[in-house]
Amino acid sequence: MEARDATAGAFVRRDGDDQTAKDQHKAPKREQTPTRSKMEQIFGFKKEDLTSWHSFVSLLNRPTDPASLGIFRCLFGLLMVIDITQERGLSNLDYKYLDGAPVCRFPLFNFLQPLPLDWMYLVYVVMFVGASGIMLGCFYRLSCLMFLSTYWYIFFLDKTTWNNHSYLYGLIGFQLTLMDGNRYWSIDGLRRPSIRNAHVPLWNYTLLRAQIFIVYFIAGVKKLDADWVEGYSMSYLAHHWLFDPFKLILPVELVSLLVVHGGGLILDLTAGYLLFFDVTRPYAFFFVSYFHCMNSQLFSIGMFPYTMLATSPLFCYPDWPRNFFAHFPSFLRPVLPLTSPGSQPSPSCVYEEIQGSGTQQRQTPAAAKSSKLRLKHKLGAIFTVLYLMEQFFMPYSHFITQGYNNWTNGLYGYSWDMMVHSRSHQHVKITYKDRKTGETGYLNPGVFTQSRRWKDHGDMLKQYATCLHQYLPRYNISDPEIYFDIWVSINERFQQRIFDPRVDIVRAEWSPFKPNKWLMPLLVDLSPWRTKFQEIEGSLDNQTEIVFIADFPGLHLENFVSEDLGNTSIQVLQGQVNVEIVEEKKNYTLQPGEQIKVPAGAYHKVYTVSEDPSCYMYVYVNTTEAALQKNFTKLYEIQERVRNGTETEPLPPELQPLMAADDDEGAEVNATDPIVRLFLKRQRRMKEVKKRREAGVLERLQRFAVKKYYTIRRGILMTAIAMRNLAVGLPPLEQLTREVAYANMKEPQAEASQDERLKDEVGHAEL
């Protein structure tokens with residue numbers, strides 16, 4: 001086969017060029033095709049194709065090989081089948097929707113509510129069947145509609161699960177619904193020979209390629225944010241084992257700045273362009289594949305890395321599957337995609353008559369020889385243009401939906417600002433006030449909800465407050481006012497309030513098209529302090545912790561210091577504060593550089609009395625944990641002396657379990673001293689963690705497969721129970737209990753390890 005051009009168009013290209021080259025190679029006497037212009041060689045189309053509406057529509061409807069689109073359709077359907085049981089939540093649907101329980105939900109539109117649990121399982125069955133139909137190319141349009149309608153219903157039902165890749169899945173499903181994705185390697189092709197291996201219009205590829213380009217490029221543009229460029233967004237990633245090779249030549253700080261942030265920025269900005277051209281595509285394949293494989297290990301993002309890997313071949317020549325599967329053994333041909341070159345004509349495409357010299361004339365097949373534009377061709381071109389304009393506009397449409405803007409713009413999920421912002425929450429307090437009795441009390445943060453994302457989004461906070469206002473009267477709290485005091489640090493800044501704690505959110509005004517009046521501004525002027533934070537933290541010992549606080553004038557922080565934090569002090573960095581020790585009824589005014597020790601096991605209040613925001617830090621030592629670690633060290637030394645025979649004194653009864661073998665679980669159970677029991681539990685847990693980390697590839701794959709098996713198994717069994725309930729009604733309670741218990745069965749190792757987590761081990765407590 002002749003070598004192809006050095007470059008090729010990414011969005012559009014002439015599908016017939018390769019076959020023409022082959023024909024010329026076989027028949028050298030045939031007149032040579034006119035030399036193509038440089039623009040046509042690079043982009044796949046001529047300047048004349050853009051000079052008129054007619055030529056532009058003809059370009060977007062140019063006949064193109066369906067092979068690459070068919071393979072992508074199959075891969076996308078397969079990945080969605082897997083995704084439904086995992087990230088969409090089929091395997092834990094009963095925990096997610098808690099049928100009949102008082103639960104606060106966060107739909108995009110408040111009128112959207114989940115169906116009863118058994119009917120929600122039916123919704124997932126419809127979505128699963130639709131994804132399977134997309135994968136197999138069976139009743140393709142119907143399958144796409146089944147998947148699309150149920151997917152977007154579930155998507156709109158819960159904003160707390162929104163993310164960029166879930167939004168992308170819905171967009172791709174929508175695009176495939178309008179495309180001819182069942183023309184290659186599909187059951188529909190076997191059922192209907194007229195569409196089997198038929199051309200697809202070029203806009204099918206243009207749309208998908210442009211969508212993936214937008215995902216990469218806009219994500220790169222969003223990473224031009226100062227926090228990302230300066231290395232504050234994802235600094236913790238540099239400590240992951242995946243970056244160990246880089247740490248052999250660079251300190252961890254430079255790995256974070258240059259590899260994590262710099263590399264991510266450059267890859268996102270350039271990946272879309274590099275995938276376009278033949279010369280750079282192999283390099284792009286290597287880097288994006290490495291990038292997505294790393295992401296699959298760094299983050300719990302389901303099928304997203306594999307979906308992006310599946311999109312990369314879309315940028316290759318559309319006939320690549322024919323060449324690829326042609327190398328497989330001949331006995332596999334009946335189940336493999338077609339490898340024969342050429343496709344049959346399709347009415348979805350616009351064919352051009354190609355004139356030859358003299359009496360020779362090459363014409364399109366008679367079935368599709370007309371070059372007249374039809375309405376469907378024009379609608380396809382119009383849709384392509386409008387859709388791409390909308391996709392470029394959506395990430396910057398936040399000036400319209402201003403009510404969803406917080407410290408970051410818009411509803412998270414459609415802006416492609418992936419991993420640009422990291423948050424940590426130090427303090428969350430929910431206060432209610434009974435309007436009739438005046439009674440004031442506090443609620444456990446997260447009561448009546450399973451999500452934590454409401455803490456960062458004003459629209460969700462409004463929904464949560466409204467829901468609490470509806471449920472609290474059941475507990476004799478009449479017409480309550482709800483106040484939230486939420487402290488957040490974004491990208492390693494000061495911990496500060498995100499919403500005004502003085503505003504009753506139940507009665508606060510909120511509109512999707514107006515700015516949120518009770519949103520507190522992000523104190524970006526204090527961002528340079530982050531450099532100082534690193535210096536301060538570097539000067540502390542391993543047992544000392546620190547929290548940096550910034551507060552607004554006229555507000556105060558009410559805080560309780562746990563008894564575990566026996567050495568806690570407040571030091572002012574900027575502004576002026578007044579510290580009130582509640583039990584002592586004393587007030588202390590602090591200037592920058594001054595500090596005060598606050599008592600443990602008691603409340604105190606920190607008032608900002610300066611005209612500008614105050615900045616201060618809590619410095620504390622978890623004395624309980626420090627004592628525990630000291631005891632662990634002594635027990636470890638005794639255990640080592642016993643094992644090597646250097647212990648001369650007999651051990652008291654409470655320390656006898658230290659003499660047991662490492663794999664003796666009875667020693668932990670028989671230990672009477674709680675410190676010894678905790679020490680043995682920790683030792684066993686550390687040993688098992690080490691064993692898991694040092695496991696071979698086969699053992700890791702086996703562990704992964706077993707885990708996925710039981711996850712999918714539960715989803716299938718619970719779905720079967722729900723379908724039975726819908727068909728014949730609920731069985732007796734005892735039978736239903738047994739069925740659910742059987743569905744919940746896990747592998748023995750998992751059941752045995754449920755209590756292995758050191759939940760009772762003292763950790764760093766929140767201030």
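Reader: What makes Arg-507 partly exposed?
Author: Its relative accessible area is 37%. Buried means under 20%, exposed over 50%, and partly exposed in between (1.4 Å probe, protein chains only), so Arg-507 counts as partly exposed. A word on the source: this is a predicted model, where local features need pLDDT of at least 70, side-chain atom pairs count only at pLDDT 80 or more, and totals for chains, interfaces and linings use all residues. Residues are numbered from 1 along each chain as its sequence is written, and side-chain values use heavy atoms, with hydrogens and water left out.

Reader: Why is the pair Asp-504 and Arg-507 called a salt bridge?
Author: The closest N and O atoms are 2.7 Å apart. The rule asks for a side-chain nitrogen of Lys or Arg within 4 Å of a carboxyl oxygen of Asp or Glu, so this pair passes. Both residues also belong to a salt-bridge network with Arg-435, Asp-479 and Glu-481.

Reader: And Asp-504, buried or exposed?
Author: Buried, because its relative accessible area is 11%.

Reader: How do you know that Arg-643 and Glu-640 form a salt bridge?
Author: Their closest N and O atoms are 3.7 Å apart, so they meet the rule too. Both sit in helix H20 (residues 623–644), three residues apart, which means about one helical turn separates them. Helices are DSSP runs (H or I, at least four residues), numbered from the N terminus.

Reader: How many salt bridges does the rule give?
Author: The count comes to 29.

Key. Helix = DSSP H or I, 4+ residues; strand = E, 2+ residues; numbered from the N terminus.
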